[in-house]
Amino acid sequence: THKMADLVLVYVVFVATVLLSVTSHGLHNLDQCSASDFEQDTDYHNGQGLGHGPGSSAFDCCQQCSNETWKGLGCLYFTYSPEKTPGVECWFKDNNNGNRTQKGCVSGKASSTPITTTSHPKAPERKSNGLTSKIGLIAVIAMAGLFSLYCAIGIMINVRRGSRKLEVIPNVSFWGELPGLIKDGLRLTLSPCIRGARKRGLPIPAGFREYDSL
């Protein structure tokens, strides 16, 4: 019994370590190519720089400067200039010298970590800054990690209490009743729709029992 509890404790430590590592990495990525760090109405006017190319936004230019190709050429900074020449909106720089005010331009620093891409120097066009998907991924990982910790700690406590078989699962009675609770919740939610369909003479699922009230 104690040996199993010790194994569960090791598992808890392992899950916590992995969760912390992944979450920290995800939070670090949130700082890369962040629009909040860009300088509005600013041009890094230091000559032609490393080169130029098309871009749909300042974030797109930052992504391109951060990809393996431009990063390999020494790209550290960029300027997004949408009002000069169509198809030449991104200007890639190895420094941020010549800082000057230029209405409509956006300049900033590239990501510190190269972004992997197999395409040519222009990175894939992006219409959003990607923060939403990253935050969502971190939230899912965090929830999965917390659920794993909940299960592991609950099992460890129940084992130390002398529980056996399925009883070691924390709140096992609740999890056993969960499918029925979900079914009742769906019935309660769909009942007004079913009543409306019945009044209109529309077909309803066979055997469906609606709730009249809570």
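1. Basis of the note. The model is a predicted one, in which local features need pLDDT of at least 70 and side-chain atom pairs count only at pLDDT 80 or more, while totals for chains, interfaces and linings use all residues. Residues are numbered from 1 along each chain as its sequence is written, and side-chain values use heavy atoms, with hydrogens and water left out.

2. Overall fold. The chain has 5 helices and 5 strands, where helices (H or I, at least four residues) and strands (E, at least two) are DSSP runs numbered from the N terminus. Read from the N terminus on, the order of these elements is α-β-β-α-α-β-β-β-α-α. Of the contacts in the chain with a separation of 6 or more, 70% are between residues 24 or more positions apart, a contact being heavy atoms within 4.5 Å.

3. Burial and surface. Of the 214 residues of the chain, 32% count as buried; buried means under 20% relative accessible area, exposed means over 50%, and partly exposed lies in between (1.4 Å probe, protein chains only). The chain exposes about 13,600 Å², of which carbon and sulfur atoms supply 62%, with accessible areas taken from the Shrake-Rupley method with a 1.4 Å probe and, for residues, only the protein chains shown counting as cover.

4. Helix H2. How many of the 9 residues of helix H2 (residues 58-66) are buried? The count is 9 of the 9, so helix H2 is largely enclosed by the rest of the structure.

5. Disulfides. A search of the whole structure finds 2 disulfides, each being a pair of cysteine sulfur atoms within 2.5 Å. One of them joins Cys 61 to Cys 90, with 1.9 Å from S to S, and this link is left-handed, with -80° about the S-S bond. The pair links distant parts of the chain, since Cys 61 lies in helix H2 and Cys 90 in strand S4, 29 residues apart. Both Cys 61 and Cys 90 are buried.

6. The other disulfide joins Cys 65 to Cys 75, with S to S at 1.9 Å. The torsion about the S-S bond of Cys 65 and Cys 75 is about -110°, so this disulfide is left-handed. Cys 65 belongs to helix H2 and Cys 75 to the loop between H3 and S3, 10 residues apart. Cys 65 is buried, at a relative accessible area of 0%, and Cys 75 counts as buried at 0% relative accessibility.

7. Aromatic pairs. The structure holds 7 aromatic pairs; rings of Phe, Tyr and Trp (its six-membered ring) pair if their centres lie within 6.5 Å, and planes under 30 degrees apart count as stacked, over 60 as edge-to-face and the rest as tilted. The rings of Tyr 44 and Tyr 77 have centres 5.9 Å apart and planes at 80°, so the pair is edge-to-face. This pair links distant parts of the chain, with Tyr 44 in strand S1 (residues 39-44) and Tyr 77 in strand S3, 33 residues apart. Tyr 44 and Tyr 77 are both buried.

8. Phe 147 and Trp 175 form an edge-to-face pair, with 5.9 Å centre to centre and 90° between the planes. Phe 147 lies in helix H4 (residues 131-160) and Trp 175 in helix H5 (residues 172-199), 28 residues apart. Phe 147 counts as partly exposed at 43% relative accessibility, and Trp 175 is partly exposed at 32%. Ring pairs link Phe 147, Tyr 150, Phe 174 and Trp 175 into a cluster.

9. Nonpolar patch. A nonpolar surface patch of about 620 Å² is made by Phe 147, Leu 166, Ile 169, Val 172, Phe 174, Trp 175 and Leu 181. Patches are made of residues with over 30% relative accessible area and no salt bridge, like charges being joined within 9 Å and nonpolar side chains (Val, Leu, Ile, Met, Phe, Trp, Tyr) within 5 Å; a salt bridge is a side-chain nitrogen of Lys or Arg within 4 Å of a carboxyl oxygen of Asp or Glu. H5 gives the largest share of the patch, 4 residues. Leu 166 is placed in the loop between H4 and H5 and is exposed, with a relative accessible area of 61%.
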